[in-house]
Amino acid sequence: MKNTNKSPYHSNSSPKKSKKSAAGSTRRRVLTAVGIVAAVLVLICLCGYLYVDSLVTQGQAGSLTEEVVSTAPELTRKTANVLIAGIDYDVDDDGRDYSEGLGLTDVILVACCDFENNTLNLLQIPRDTYVGEEVPTGGTGKINAVYSHGPDEKNRISNLATVINDQFKLSIDYYVTLDMNAFTDLIDLLGGIEMYVPWDVTDDEGNVIHQGTQFLDSSHVEWLIRQRHMYQTADLGRLELQQYFYAAVFKTFMTFPMTDLIKIAPALVQYVNTDYSVPEIISMFAWLQSVDKANIGIARCPGGATTNINGHTGLYGINPETLAPLLNEYFRPYQDPVDASELGLPKNLTFPSGEIAAEMNYMADLSAESEE
């Protein structure tokens, strides 16, 4: 009698897989594929990060040395001050080069970031500010030459930071410098900017940009902010116009998608020197986008054109008596107030053409929306 119970090991047909086994196999293949894709994306991001990180350098600016006074450690989670300097390596408007090719800081801003109250205040220091005879300036007496003529030839940003420490009694925690020669390229990277122009701006050749909200490309922006001799108050008028420009730039960055920023970052950072790390830059950008325009202010140092001092001309004098209350209210959110007598600025200056008052202007008031 034949044995009809065949052993499975001698079967001519393969056993059928269960639906559960097939589904598990499919999941494993999917998970493997996802894992490979994720690994590739992580590798790409890491390579991109390392590439951008390699471009973020301190360059000629160097570092903030131990001599620079920074914010007290117990306050660093609440506030930080950032020194922002636009460095012009060309000769000045009259064909002179006082920087010996090392650059003049023709834009000087101190940004007080209050992380706890989500506010940002900018102090606009005029480039022609008189800093006194004891400060090395190459014979000009102006703050914009401190960067190139200070004693520290390796860490030039510290030359400027220490003067701000001494004369304004403001701490400096980070810095960002921008090559003004690459200014037009930066505007192009942003795709142009929308700016409210507060009055008609013209030059001797009849070129004009009219009052109102304008969308400006790089060539128009450069022409606009470099206008000087058309103003009765020369640089003072340009300083006021620059506030509208800063408002436009901040508005652009505050609405700039993070994905687009990542795309232009490699091109952007080549014009910038900073002691910020890439993660810190991303964190600051994210924080900036969270700040309401109504909480972003900018103030020019109160004072005005001053008289000829020791052969120096074209000077801007700051009035310590009116500056001190401004600094105490907007730039020392968690520090004790500082009296005018404690500021290291030159005292007893006169302003024959009048004096600019201590006033905080807010980005919301300088933006296009508030004027339309």
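Q: Leaving aside neighbours within four places in sequence, which residues is Ser-70 in contact with?
A: This is a predicted model, in which local features need pLDDT of at least 70, side-chain atom pairs count only at pLDDT 80 or more, and totals for chains, interfaces and linings use all residues. Residues are numbered from 1 along each chain as its sequence is written, and side-chain values use heavy atoms, with hydrogens and water left out. Contact means heavy atoms within 4.5 Å. With neighbours within four places set aside, Ser-70 is in contact with Ser-171, Ile-172 and Asp-173.

Q: Where is Ser-70 found, and at what relative accessibility?
A: Ser-70 sits in the loop between helix 1 (19-55) and strand 1. Helices (H or I, at least four residues) and strands (E, at least two) are DSSP runs, numbered from the N terminus. Buried means under 20% relative accessible area, exposed over 50%, and partly exposed in between (1.4 Å probe, protein chains only). Ser-70 is partly exposed, at a relative accessibility of 43%.

Q: How many helices and strands are there in the protein?
A: The protein has 372 residues, and 47% of them count as buried. Among contacts with a separation of 6 or more, 71% are between residues 24 or more positions apart. The elements number ten helices and 13 strands.

Q: How many residues are in the second, separate core?
A: In the largest core, Leu-83 is one of the residues with the most contacts. Residues up to four places away aside, Leu-83 touches residues including Ile-108, Val-110, Leu-160, Ile-164 and Tyr-175. The second core is separate and includes Ala-111, Leu-122, Val-201 and Leu-288; its size is 38 residues.

Q: Which residues of helix 9 are buried?
A: At the start of helix 9, a side-chain oxygen of Asn-319 reaches to within 3.0 Å of the backbone nitrogen of Glu-321. The cover over the buried residues of this helix includes strand 3, helix 3, strand 10 (296-300) and strand 12. An α-helix has 3.6 residues a turn, so residues three or four places apart point the same way. In helix 9 the buried residues are Pro-320, Leu-323, Ala-324, Leu-326 and Leu-327.

Q: How many residues apart in sequence are the parts that Arg-127 and Asp-106 tie together?
A: A salt bridge is a side-chain nitrogen of Lys or Arg within 4 Å of a carboxyl oxygen of Asp or Glu. Arg-127 forms one with Asp-106, with the closest N and O atoms 3.2 Å apart. Both residues are buried. Arg-127 lies in the loop between strand 3 (119-124) and helix 2 and Asp-106 in strand 2, so the parts tied together are 21 residues apart.

Q: Which residues are linked in a network of salt bridges?
A: Lys-142 forms a salt bridge with Asp-128, the closest N and O atoms being 3.4 Å apart. Lys-142 and Asp-128 are both buried. The network links Asp-106, Arg-127, Asp-128 and Lys-142.

Q: How many residues apart are Lys-251 and Glu-194?
A: Lys-251 forms a salt bridge with Glu-194, the closest N and O atoms being 2.7 Å apart. Lys-251 is buried at 16% relative accessible area, whereas Glu-194 is partly exposed at 34%. The pair links helix 6 (residues 235-254) with strand 5 (residues 193-197), and the separation is 57 residues.

Q: What is the phi of Asn-310?
A: Asn-310 lies in the loop between strand 11 (303-305) and strand 12. Asn-310 is exposed, with a relative accessible area of 58%. Although it is not a glycine, Asn-310 has a positive phi of about 50°.

Terms used
A nonpolar core is a set of buried Ala, Val, Leu, Ile, Met, Phe, Trp, Tyr and Cys residues joined through side-chain atoms within 4.5 Å. A polar contact is a pair of N or O atoms within 3.5 Å; within protein, one must be able to donate a hydrogen and the other to accept it, and residues adjacent in sequence count only if both atoms are side-chain atoms.
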